[in-house]
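Biologist: Could you walk me through how to read a structure like this one? I would like to take it feature by feature.

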Amino acid sequence: MSDLASRSAAPSGADRAAGARRGWRPWRLLARLNGPQTLGRGPAFWGGFVIVCMLVGIYPLFSDGWTVGNTAYFFTWTFMAMGLCVIWGYAGALSFGQTAFFGLSGYAYGVLTLNIGSAYGFTFLALAIGVGMSALLALLLGYFLFYGRISGVFLGIVTLSVTLVFETFMAQTAGPEWTIGSARLNGFNGMTGMPPLTLPWFDGELVLWPDIPLYYLLMGMVIVCYLALRIFVNSRFGNVLVAIRENPDRAETLGYDIRRYQLGAFIVGSSLAGLSGVLYTAWGQYITPNSMGLYAAALPIVWVAVGGRSDLTATLIGTLAVLWVFQTLTIYGSQYALVVMGALLLVTVLFAPRGLVLGLVDLAGWASGRLRRNGPASGQEDA
Amino acid sequence: MAILETRALEKNFGGVFVARAINFEMQPGEIHCLIGPNGAGKSSFFRLILGQHQPSAGTIWFDGQEITPLKSFQRIRLGISVKFQVPGIFKALSVWQNLEIGLQYHMQGDSLSAEIRQVLDFIELTDQATERAGNLSHGQQQWLEIGMAMSVKPKLLLLDEPTAGMSPQETAKTGEMVRTLNAEGMSILAVEHDMTFVRQIAQQVTVLHFGEIFAQGTIDQIVADERVAKIYLGKTNEA
Ligand SMILES: Nc1ncnc2c1ncn2[C@@H]1O[C@H](COP(=O)(O)OP(=O)(O)OP(=O)(O)O)[C@@H](O)[C@H]1O
Ligand SMILES: [Mg+2]
């Protein structure tokens, strides 16, 4: 340790910004895909990743448009799940009200497109505005929550209350006086009839009904979002998030304004919940207050907890798996499916508190560790 | 100008004083030890300096600036760093990451990695860099936290019982570390029970008792003070 005293304790903001500019290298960004906060690295993982993407990519060739469109429905939910993973799994703040953002953005998309239509790619602008509204709400709500130092179970209670208030409010908008422009909110029955996402396409339009093109669009979005979030949680910002999750007091006494980081994570995660809301609404041309109710609010927590909240990959796999199981069970009756869902959560909490996917990864690591230790190359790290 | 000064600092919890009329002063470049019986208010004094407790009365000054109204992270940014009594490391993260999180505020890229390697070398944890911090021995966890605290090169380093649970060899090694840091200009305020360690490092000693400054002086003056022996030293010498 030389020249300990030569650097002043805290460089000025300008110094740090200059350092940041000098240090910026695109490959550093890519290296973050493999960072410490996400499972999976190296050729084996990324090889598997490419293979899975290819399988998911060729699946529509072996199916019909209707089934593929229904599969695309699963994708619409993954953004809310990955967003909750960031807020809860990485930043350690359990929000029970992500559906508030889901509903806000979904309704916003409906109101905008019912009024303005779908020409000139406006549906995508509506998507952006819808997501932006969630970001704004997250900024306001998050400011009061985190700068008010609300945490733990109280955070869950407040966020849950917000989504339930939204649900209650929207449920009483059945009367004809509840219209915005030409869009009727329609109370408990929900809004219908908004256009799907629509791309200007050569001399016509590509209307993305739940069919193969929408499937590919959503698949691409899931992959981009997943990779971008991997970079995000492995960035310097992500480092601080996990530090806050592990020990908020320590993180603050390293000089971090933890409220800002929690707020940042909340905005990112809630915008993604909003994205799910828009995509869901555009997928089915339909949104109801139910999507912000207690039951809907609990679902993302189940997906993320069952998969493994502290890892994006585990969350993504877990969410898709649970959605698929749920859908399959619903064919035999939805009460039945609910019971199974509850049982699944219980089993997870009791036997694999880190989540089933992460539990399996742990088990595999433990087994291979045992194999290695019992093999010829043993004798290290046993103490 | 004092590096750290408190004026009439007071903190009470519903009538119980953990700090009472503390007028404390410490000069730049000094190693100052804070001793006193269990519950004397040593850790509370740290929490007051760090802004984790708001004082009931009085002011705190750091490096010529009043910091009483500042938030915890703002005080840290002025150049204060701390190792807590209960290990304040991120147990689920690797040793490397623990250091990275502290240091990335100040640098990045290659200089960040180089600095982390230097710190690892200094705290003798190079071989444990990828180990989960929670898996380290107790002494190593203490060193890791000292490493986190000193890596950011604070002007003032607060150490709350840095040698608790360490073997005599580890304690001696910690003393060397503290002196190396001090030789390079860092002011250090340490809470300590181990009088051998205090003797090894301290230039000035303050005794706290029931939240008040009970005695102050050089280590020899303190050890010679019979009043101090009665409330504190006598006990630890037997233990
Ligand atoms: N938040 C609090 N509310 C009420 N009393 C408190 C609080 N924090 C500390 N105390 C009391 O303040 C007193 C001083 O505690 P402190 O931890 O500062 O002692 P200490 O000198 O560090 O002791 P030790 O040597 O055991 O670490 C104790 O009697 C403790 O019970
Ligand atoms: Mg203490």
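Modeller: Happy to; we will go through a ligand site, a sheet, a helix pair and a hairpin. Keep in mind that this is a predicted model.

Biologist: Let's start with the ligand. Which residues come nearest to ligand 1?

Modeller: There are 13 residues around ligand 1, and the nearest are B:Val18, B:Gly39, B:Lys42, B:Ser43 and B:Ser44. By class, the shell has four nonpolar, seven polar and two charged residues. Helix α1 (residues 42-50) of chain B gives the most to this shell, namely three residues.

Biologist: Which atoms of B:Gly39, B:Ser44 and B:Gln85 face an oxygen atom of ligand 1?

Modeller: For B:Ser44 it is a polar side-chain atom, 2.5 Å from a ligand oxygen. B:Gln85 also places a polar side-chain atom by an oxygen of ligand 1, at 2.9 Å. With B:Gly39, a backbone N or O atom lies 2.8 Å from an oxygen of the ligand. As for cover, ligand 1 has 640 Å² of accessible area on its own, and the protein covers 62% of that.

Biologist: Now the sheet in chain B. In what order do the strands run?

Modeller: The general idea is that strands of a sheet pair through backbone hydrogen bonds, either parallel or antiparallel. Here four strands of chain B form an open sheet, ordered β2-β1-β4-β5, with antiparallel pairing. β2 (16-26) and β5 (65-66) of chain B each have a single partner strand and stand at the edges, so one side of each lacks a neighbour in the sheet. Helix α1(B) packs on the sheet, where it touches β1, β2 and β4 (57-62) of chain B, and its direction makes about 115 degrees with that of β1(B).

Biologist: How many bridges join β1(B) to β2(B)?

Modeller: Seven, with β1 (residues 4-13) running antiparallel to β2(B). To see one of them, find B:Thr6, whose bridge partner in β2(B) is B:Phe24.

Biologist: And in chain A, at what angle do helices α5 and α7 pack?

Modeller: About 35 degrees, with the axes of α5 (residues 98-116) and α7 (residues 153-171) of chain A 8 Å apart. From α5(A), A:Thr99, A:Ala100, A:Leu104 and A:Tyr107 meet A:Val162, A:Thr163, A:Phe166 and A:Met170 of α7(A). That contact counts six nonpolar, two polar and no charged residues.

Biologist: Last, the hairpin. Which residue there takes a positive phi?

Modeller: A:Phe202, with phi near 45 degrees, in a hairpin that has two residues between β4(A) and β5(A). Those strands, residues 198-201 and 204-207 of chain A, pair antiparallel over four bridges. Among the bridge partners are A:Leu199 and, in β5(A), A:Leu206.

Methods. Residues numbered from 1 in each chain as written. Chains lettered and ligands numbered in written order. Predicted model: local features only at pLDDT ≥ 70, side-chain atom pairs only at ≥ 80, totals over all residues. Heavy atoms only, no water. Near = heavy atom within 4 Å. Polar contact = N/O pair within 3.5 Å; in protein donor to acceptor, adjacent residues only side chain to side chain. Areas by Shrake-Rupley, 256 points an atom, 1.4 Å probe, with all protein chains shown as cover. Nonpolar A, V, L, I, M, F, W, Y, C, P; charged D, E, K, R; others polar. Pairing = 2+ DSSP bridges. Contact = heavy atoms within 4.5 Å. Axes fitted to C-alpha atoms, helices over the stretch in contact; angles between N-to-C directions.
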